Amino acid sequence: MATRTVTVASAHGLHARPASLFVQAVASSGLAVELSKGDKTLNAASILGVISLGIEHGDTVTLTAEGDNAEAVLDQLAEIITTDQDA
Amino acid sequence: MPTLTGVGIGRGLAIGEVLRMPDPLPEPSDAASQTTPDAEKVRAAGSLAATAADIRLRGGRAGGAAKDVLEAQAFMAEDPTLKDDVDKRIDAGKTAERAVFEAFAAFRDLLVSMGGYMGERATDLNDVSQRVVAHLQGVAAPGVPTPDHPFILVARDLAPADTALLDLSTVLALITSDGGPTSHTAILAREKSIVAVVGAVGALELSDGQTVIVDATTGAVTVDPSDAERAAAETTLADRAAAKDVPVGPGALADGTPVPLLANLGTVDKLDEAVEKGAEGVGLFRTEFLFLDSEKAPTVADQQAKYSALFAAFPGKKVVVRALDAGADKPLSFLNDEPEENPALGLRGLRALRANEPILRDQLTAIASAAAENEADAWVMAPMVSTVEETRYFTRLAKELGVKTAGVMIEVPAAALLADRILADTDFASIGTNDLTQYTLAADRLLGSVASFQDPWHPAVLRLVGEVGKAGAAAGKPVGICGEAAADPLLAVVLVGLGATSLSMSPAALADVRAELARFTLKQAKQFAELALSANSAVEARLAVIDAATPNKTTPTESEK
């Protein structure tokens, strides 16, 4: 099982456009990815779930995935979260 | 059916067939499903996928910011967590329609309870929910219809999301039963030059396929026109199309008083359009585009090349460049990165530039150097100036760096009230009516809930414009208008009556304003200004001037039934 713990860089957190980009990347990876913030964990392919976590700039979140290529997929997803998509 | 009357926006004319905006769908009934849960799940999955595909298609067509919003909506329709919830509700005996409706409602309530940005997404969710339910029921999706042929859209009013996506190649005209001349729909119609009549009582009784003539000049909607009426409208349309090919002359009132008509531009790409529409120069060149995509300010040489291309297109003509206007609706991280409670009242405009003087110096240097290599009459102005002291600061700095003509924008009531002293220390003033209205009425122009206050016809705003006009006349210095107000043809006449010496607007509005100015003398313009100033509200001011400007006043009759 691969995991990454990263800090959100987008100025407005993980909503709107950054959330769309993130969910799109999860969906196209074909893996089941989980996103956790605090004690809440959910399916990272769910845009409504991601938005409803209310993830703000500077929050720490954890990504978890299993399967072939999980390390590479999480690297790519971590990159999206740690890039300021609102810049 | 009688002729319907509303408020016309602009001067357009259109003939076409009506298409009604579908009514919102009723809530799906909570009756138990008549089929198996598996069958309902297949239906739900099919409609969710079809809706996502449809939304994505519309996003691709719309492009730009709308595309991002619609892409997010498509993911909502495909959301796996939502799908699980729908299936759970179907297992409990609900129909696919009801399960979809309830699952979206549950998420919507969750987001609304979180407030702020998340709460605002509730509208998006409702829209997706309605589209999926419509697909399940096999009825037209709510929202603007998208047939393959041109049509005249009839609606109660339009939501901002609907108006932003209007396909101008198929929507010939808009008729709304609700909403006034300052509604979101009206403002958008004016901006995009859509033929529109708003607030037309009885419009909702029109049916799909009925032919109507929409005349924005008179605000009249002729239903089922006779052959003669149709022919007359077609002749007018042909005449106007022909008139557009005739070279356009300079702006002037009926008595010959010149009123130069200039273009508002935000990029050099629109130059050709402005020249073609007869712009006599540029009254507002926004420079934000040079900076928006960058993390730091572009170099003097980069900027100089862009300004030079602009000046080269207008040899011998006036081109007014506005110094970088960041803040509030257009933040730039390298100018002001501090979050503010109240950005419209914060470190923006000249205030932000002054706090980052090297950026301002570079920009002024680049403009002055570009002006020196070209024949255009280059002017520079500072955004959001509030005090005499700021005026002196900017004018002195601009001159020091080689700018020949430097002025200030009047957007803050304080600056309008002291316009005589401000104009004593600078070369010209240009009134930004959008911000001036926002600050005068204390209503955030980006906030929909107070949009009704954002009306430049308000006598308080006009009185401030009049103060600046008087100060300009006394000092013998030019007073331009470069806000949305200058694009409203009749208001443009009033602004000239208040002392504006030039008007600047989006190139699309030039033809209508030019035609309207030519109808009235300076004496009439001043008389209209007096009427507007003595009104109690924006609505009264507009009505009083429309009344005075309409020859052979005829009251629309209700008795033609």
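User: What makes both faces of strand 6 of chain B count as covered?

Analyst: This is a predicted model. On one side of strand 6 of chain B lie Val195(B) and Val197(B), on the other Ala196(B) and Val198(B), and all are buried. Buried requires a relative accessible area under 20%. In a regular strand the side chains alternate between the two faces of the sheet.

User: Why is strand 5 of chain B said to pair with strand 6 of chain B?

Analyst: Pairing needs at least two bridges. Strand 5 (residues 171–176) and strand 6 (residues 195–198) of chain B have three, in the parallel sense. Ala173(B) stands opposite Val195(B), and Leu174(B) has Ala196(B) as its bridge partner.

User: What is the sense of the pairing between strand 2 of chain B and strand 6 of chain B, and over how many bridges does it run?

Analyst: Strand 2 and strand 6 of chain B pair in the antiparallel sense over three bridges. With at least two needed, the pair qualifies. Ala196(B) is the bridge partner of Ile9(B) here.

User: Which strands stand at the edges of the sheet, and why are they called edges?

Analyst: The sheet is open and mixed, with eight strands of chain B in the order 1-8-7-3-4-5-6-2. Strand 1 (4–5) and strand 2 (7–9) of chain B are at the edges because each has a single partner strand, which leaves one side of each without a neighbour in the sheet.

User: How do you know that Trp379(B) and Phe428(B) form an aromatic pair, and why is the pair called tilted?

Analyst: The search over all chains finds two aromatic pairs. In the pair of Trp379(B) and Phe428(B), the centres are 4.6 Å apart and the planes 50° apart. The limit for pairing is 6.5 Å between centres, and planes under 30 degrees apart would be stacked, over 60 edge-to-face, so an angle between those limits is tilted. The pair links distant parts of chain B: Trp379(B) is in strand 12 (residues 377–382), and Phe428(B) is in the loop between helix 17 (419–424) and strand 14 (429–431), 49 residues apart. Both Trp379(B) and Phe428(B) are buried.

User: Why is the pair of Phe520(B) and Phe528(B) called edge-to-face?

Analyst: The planes of Phe520(B) and Phe528(B) are 75° apart, with 5.0 Å centre to centre. An angle over 60 degrees counts as edge-to-face, so the label follows. Phe520(B), at 4% relative accessible area, is buried, and so is Phe528(B), at 1%.

User: Which charged end sits over the ring of Trp379(B), and at what distance?

Analyst: The charged end of Lys318(B) sits over that ring, 4.1 Å from its centre. The distance part of the criterion is within 6 Å. The charged end of Arg354(B) likewise sits over the ring of Tyr393(B), 4.0 Å from its centre.

User: Why is helix 20 of chain B described as largely enclosed?

Analyst: Nine of the nine residues of helix 20 (residues 489–497) of chain B are buried, so the helix is largely enclosed by the rest of the structure. Among its buried residues are Pro489(B), Leu490(B) and Gly497(B). They pack against elements of chain B including helix 19, strand 15 (479–481), strand 16 (502–505) and helix 22. Helix 20 is followed by Gly499(B), with a positive phi near 115°.

User: Why is Gln524(B) partly exposed rather than buried or exposed?

Analyst: Gln524(B) has a relative accessibility of 29%. Buried is under 20% and exposed over 50%, so a value in between is partly exposed. Gln524(B) is in helix 22 (residues 522–533) of chain B. Its side chain reaches the backbone nitrogen of Thr521(B) at 3.0 Å. Gln524(B) and Gly497(B) are 27 residues apart in sequence and 7.8 Å apart in space, C-alpha to C-alpha.

User: Is Met384(B) buried or exposed? And what about Ala442(B), buried or exposed?

Analyst: Met384(B) is buried, because its relative accessibility of 3% falls under 20%. Ala442(B) is exposed, because its 70% is over 50%. Met384(B) lies in the loop between strand 12 and helix 15 (388–400) of chain B, and its phi is positive, near 45°. Ala442(B) lies in the loop between helix 18 (433–441) and helix 19 (459–475) of chain B, and its phi is also positive, near 55°.

Technical notes: Residues are numbered from 1 along each chain as its sequence is written. Chains are lettered from A and ligands numbered from 1 in the order in which they are written. This is a predicted model: local features need pLDDT of at least 70, side-chain atom pairs count only at pLDDT 80 or more; totals for chains, interfaces and linings use all residues. Side-chain values use heavy atoms; hydrogens and water are left out. Rings of Phe, Tyr and Trp (its six-membered ring) pair if their centres lie within 6.5 Å; planes under 30 degrees apart count as stacked, over 60 as edge-to-face and the rest as tilted. Helices (H or I, at least four residues) and strands (E, at least two) are DSSP runs, numbered from the N terminus. Buried means under 20% relative accessible area, exposed over 50%, partly exposed in between (1.4 Å probe, protein chains only). A charge sits over a ring if NZ of Lys or CZ of Arg is within 6 Å of the ring centre and within 35 degrees of the ring normal. A polar contact is a pair of N or O atoms within 3.5 Å; within protein, one must be able to donate a hydrogen and the other to accept it, and residues adjacent in sequence count only if both atoms are side-chain atoms. Contact means heavy atoms within 4.5 Å.
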